[in-house]
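These notes are meant for a colleague opening the model for the first time. They go through the points one by one, and the structure is shown just below.

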Number of protein chains: 2
Amino acid sequence: MKIALDAMGGDRAPQVVVAGAVAAAREGVEVLLVGDEAQVRAELARWGADLPVWHAPDHIRMEEAATEVRRRPQASVRVAMELLKRGEVQAVVSMGHSGATLAAALLVLGRLKGVERPALLVEFPSLRGRTFLLDGGANADCRPSFLVQFAVMGLAYAEASGVPNPKVGLLSIGEEEGKGNALVQEAYPLLEAALGERFFGNVEGRDIFLGTTEVVVTDGFTGNVALKLAEGEAKVLLTWIKEALASSFRARLGALLVREAFARVKARVDPAQYGAMPLLGVEGAVFIGHGSADALAVKNALLRAKALVGAGLLQRVRERLLSLHV
Amino acid sequence: MKIALDAMGGDRAPQVVVAGAVAAAREGVEVLLVGDEAQVRAELARWGADLPVWHAPDHIRMEEAATEVRRRPQASVRVAMELLKRGEVQAVVSMGHSGATLAAALLVLGRLKGVERPALLVEFPSLRGRTFLLDGGANADCRPSFLVQFAVMGLAYAEASGVPNPKVGLLSIGEEEGKGNALVQEAYPLLEAALGERFFGNVEGRDIFLGTTEVVVTDGFTGNVALKLAEGEAKVLLTWIKEALASSFRARLGALLVREAFARVKARVDPAQYGAMPLLGVEGAVFIGHGSADALAVKNALLRAKALVGAGLLQRVRERLLSLHV
């Protein structure tokens, strides 16, 4: 299985991206780097690595409009999607412009049958393991039917991730049916009808970290706010703890002893561990990461893409969508 | 200054509520307990305290509909609002049914001039102090004009809290103007026109904890999800840290030394420290707390209500709203 990586995508591309690719290749991932060949080869040389490179002379910069993809056939992210469509690779990973990656996927690959809008799936660590939330930000405004499709894709993803018997919660601001905004109130009966006992009902913000349900659906606005709030809170809490541990001689002494235990908690909430978010609902396995990703995040994104494609992610999503329309 | 406390509101009322009232009274707050006199007096007797009680034979239970307030004039929360309207108290605090408290405030006190919908203000701890977010959940669906009124009330609140030169951020999923959902895109130019340089522009989820702006406005759905997500994440992170600190002999030894430093971080993210959320936009100072509040939260709610009313909160909100319509 080969994975195309947009070598030019991300705040510190191609340096960080190539570094992550080299690390992943050393762990057995077959990576095809898509980007400016001279620049990518120069980075590879720094690592003494010889990965295959597919030349793409252009790329979409972070500050450009996502729609640029339409008129830039030589842009790295678009070339990567073409390789996926032709079957030369089995997945695409990009840490670049997420809007442009989404646009390129829609343009080149198209949507899966039964999907009105593709969605980003975000993983949160939870008390009971992991919570898969979608949409993480692909669709700021959603219709109720989108949420049903997100739920079905989320279930397929949870199954491909090895979760037995996953359930879906509808993110709201009150547990009872009827609580929430207009979107949630309309989506509730649709989810109930489509998912049967796989639908848990409403969940609240706190349930994401408590892990009340394995899958949580919401619109891409709320989902993206939740994702970034959670990252910001983890960062600030850990900063305060670090400060507290340096605040007295006694605390500094204790800090030496708890350092290791602490590092484990930190790793648990580090966004880099997840690497990239799968874009579900397009005709191909596409993973979109943070522009600020470091080499570890790139490596993890590639490892995760390999595992999920190996577990038949796309086929599972397709089948679940079909069962929805029987 | 006298504060009416709904003695029957909350999951563990009147016990916990009376305990909090007694603690606040010992710190100089003049509390009037509104509720079933026999029950409240029995609780007061347990503390050997003699606070004034205003008898209200009825109360709205947590599982009842908020609209019950309309046909239950003897309900404690409604009686408390009547006392506020008549000027017998200067503020109302309730840890009970938040929908019912909102309904009672609207029914008895009415809205401030210039306000279409009142909003709940939530405090988040931040790297730079505190972030005031509204709406925390009073209005699941909002129109763009509501967000402008929330912003103005948030500025007045920040000023009453002693924040110099506060700025307002519009919660979105991208920093540039034009990013976000339809509500945000429509609200942006309205905020710019109404607030001038007090408007910072869009902020993202992470900015709430980073403290990029002192005030953040959003719809009550997103705001309530953010509030509960933040509480859930803090709880889960602290659980993991506690587990990590007990995971080895070395860590347990270190934990003894860092315990105090740690307690300070924990207190910083404890929702009980804020006690209750002010309901801004009604003709009176109303504070609504968690149904699950403990005695510390009730005490802090009363102390906070006293401080804010003393700082002329209501007058400041009124004046800022007027300046909006000049």
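1. Before the contacts are described, one term has to be settled: a salt bridge here is a side-chain nitrogen of Lys or Arg within 4 Å of a carboxyl oxygen of Asp or Glu. With that rule, the interface of domain 1 of chain A and domain 2 of chain A has one salt bridge, and the count over all chains of the structure is 40. Please keep in mind throughout that this is a predicted model.

2. The division of chain A comes next. Domain 1 of chain A is made of two stretches, 1-115 + 281-313, while domain 2 of chain A covers 117-272. Taken over C-alpha atoms, the centres of these two domains are 26 Å apart. Their contact involves 17 residues from domain 1 of chain A and 13 residues from domain 2 of chain A.

3. How much area do domain 1 of chain A and domain 2 of chain A bury between them? The value is about 1,200 Å², of which 66% lies on carbon and sulfur atoms. On the side of domain 1 of chain A, the residues that lose the most area to domain 2 of chain A are Val115(A), Arg304(A) and Leu313(A), which together account for 32% of what that side buries.

4. Between domain 1 of chain A and domain 2 of chain A, three residue pairs are counted in polar contact, with both residues at pLDDT 80 or more. Helix H4 (98-108) and helix H10 (295-310) of chain A each supply at least two residues of the side of domain 1 of chain A that touches domain 2 of chain A, and the largest share of that side, five residues, comes from H10(A). By class, this side of domain 1 of chain A holds 10 nonpolar, four polar and three charged residues.

5. Four salt bridges are found across the interface of chain A and chain B, and one of the salt bridges in the structure joins the side chains of Lys228(B) and Glu204(A), at 2.4 Å from N to O. This pair crosses between chains, with Lys228(B) in helix H8 (residues 220-245) of chain B and Glu204(A) in the loop between strand S8 (199-203) and H7 of chain A. The side chains of Arg206(B) and Glu231(A) also meet in a salt bridge, with 4.0 Å from N to O.

6. On symmetry, chain A is superposed on chain B by a rotation of 180° with 0.0 Å of shift along its axis, at an RMSD of 0.0 Å. The two copies are therefore related as by a two-fold rotation axis. In chain A, the C-alpha nearest the axis belongs to Gly254(A), at 2.1 Å from it. Because 100% of the interface residues of chain A are also interface residues in chain B, the copies meet through the same surface.

7. Some backbone details remain to be inspected. Most residues other than glycine have a negative phi, and most peptide bonds are trans. In chain A, however, the peptide bond joining Leu134(A) and Asp135(A) is cis, with omega about 15°, and Asp135(A) lies in the loop between strand S6 (129-134) and helix H5 (144-160) of chain A. In chain B, the bond from Leu134(B) to Asp135(B) is cis, with omega near 15°.

8. Asn165(A), although not a glycine, has a positive phi of about 55°, and its place is in the loop between H5 and strand S7 (168-171) of chain A. For Asn165(B) the phi is positive too, at about 55°, and Asn165(B) is found in the loop between H5 and strand S7 (168-171) of chain B.

Terms used
Residues are numbered from 1 along each chain as its sequence is written. Chains are lettered from A and ligands numbered from 1 in the order in which they are written. This is a predicted model: local features need pLDDT of at least 70, side-chain atom pairs count only at pLDDT 80 or more; totals for chains, interfaces and linings use all residues. Side-chain values use heavy atoms; hydrogens and water are left out. Domain bounds come from an automatic or database domain assignment. Contact means heavy atoms within 4.5 Å. Buried area is the accessible area (1.4 Å probe) that two parts lose on being put together, summed over both. A polar contact is a pair of N or O atoms within 3.5 Å; within protein, one must be able to donate a hydrogen and the other to accept it, and residues adjacent in sequence count only if both atoms are side-chain atoms. Helices (H or I, at least four residues) and strands (E, at least two) are DSSP runs, numbered from the N terminus. Ala, Val, Leu, Ile, Met, Phe, Trp, Tyr, Cys and Pro count as nonpolar, Asp, Glu, Lys and Arg as charged, and the others, Gly among them, as polar. Copies are superposed by least squares on the C-alpha atoms of residues with pLDDT of at least 70 in both.
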